[in-house]
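Welcome, and please load the model in your viewer. We will go from stop to stop, selecting a few residues each time and looking at what surrounds them.

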Amino acid sequence: MERKIRKLWWVPIVTVCAAVILLSPLLIAQAQSEAWAAVMAQGNQQYEAGDYAGAIAKYRMIVDSGVENGQLDYNLGNAYFKSGELGEAILHYERAHQLLPRDKDVTANLQFARSQLLDQVDLPEEPAIVRWVEGIHNLATLNETLWWTWAIYWILTALALLAIFVRRARHGAAYALAAFGAIFVLSLVSLGVKIHHAGMVQAIVTAAEANVYSGPGEDYLLQFTVHEGVKFDVEGERQGWYRVRLSGDLEGWAPKDTLEVI
């Protein structure tokens, strides 16, 4: 018995080492999260004191580190708006809205910022039913829709098994299958649309103005000029230029340094 214990002296050491290796990333992530929370709190204090440039510097430290957080982008959008940088404000409101689609403050501030644009693009008004469907579709993020669709799939599977193997529940399960089947189809459609939109690239004009040319260069014909805050669909890029589309036939090439991708 004593020999076996001696032979196994290494087990607790290996266990401790394995635990350290497995837990280290989590502990580091938590420590980093707490550090960024402290920086964000400092930024919030500077914002409340009216030091918007200082608040922007603090918030950008976190953003530039790769952190994606809707509240952070919302705060940054507010600081930029107070500083009079409308393009940067709309950029970060847009990012916040993607992460927090149901947040009323984010939506309200984004709409108000858009109302301040020098260039108001008139888009064709959609029917009320289309706007209603889009409103419901936009209530969830891509990840939320993915998990919701996956959950409904397993509910459908359970109901199907119930209908097959439990005679007493067959009638009720059939109705439930029909209801959840319809919801599942709608969820799949919504998921497909979101995946398609996720593949689309959009950008905000963050410079005071952006000239759009017929080709990727200033020697091409100048098509039109827009001011900060305008949102483009990005359809391609070449040598420091984005191929952009505004609406209808309004398209061309704009310098990359005048835009920032959402």
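Before the first stop, a word on burial: a residue is called buried when its relative accessible area is under 20%, exposed when it is over 50%, and partly exposed in between, using a 1.4 Å probe and protein chains only. This is a predicted model, in which local features need pLDDT of at least 70 and side-chain atom pairs count only at pLDDT 80 or more, while totals for chains, interfaces and linings use all residues. Residues are numbered from 1 along each chain as its sequence is written, and side-chain values use heavy atoms, with hydrogens and water left out.

**Stop one: Glu94**

Select Glu94, which sits in helix α5 (residues 86-99); helices here are DSSP runs of H or I with at least four residues, strands are runs of E with at least two, and both are numbered from the N terminus. Is Glu94 buried or exposed? Glu94 counts as buried because its relative accessibility is 6%. Now show its surroundings, taking contact to mean heavy atoms within 4.5 Å. Setting aside neighbours within four places in sequence, Glu94 is in contact with Leu110, Arg114, Ile204, Lys231 and Ile262.

**Stop two: Val201**

Next, pick Val201 in strand β1 (residues 201-205). Val201 has 35% relative accessibility, so this residue counts as partly exposed. Which residues does Val201 touch, not counting those up to four places away in sequence? They are Phe232, Asp233, Val234 and Val261. Draw a distance from Val201 to Val261: their C-alpha atoms are 7.1 Å apart, although 60 residues separate them along the chain.

**Stop three: the aromatic rings**

Now colour the rings of Phe, Tyr and Trp (for Trp, the six-membered ring); two rings pair if their centres lie within 6.5 Å, and planes under 30 degrees apart count as stacked, over 60 as edge-to-face and the rest as tilted. The whole structure holds 8 aromatic pairs. One of them joins Trp150 and Trp154, with centres 5.7 Å apart and planes at 85 degrees, so this pair is edge-to-face. Trp150 and Trp154 are about one helical turn apart, because they lie 4 residues from each other in helix α8 (residues 142-165). Trp154 is partly exposed, at 47% relative accessible area. Tyr153 is partly exposed at 37%, and Trp150 is partly exposed at 48%. To finish, select Phe184 as well: ring pairs link Trp150, Tyr153, Trp154 and Phe184 into a cluster.
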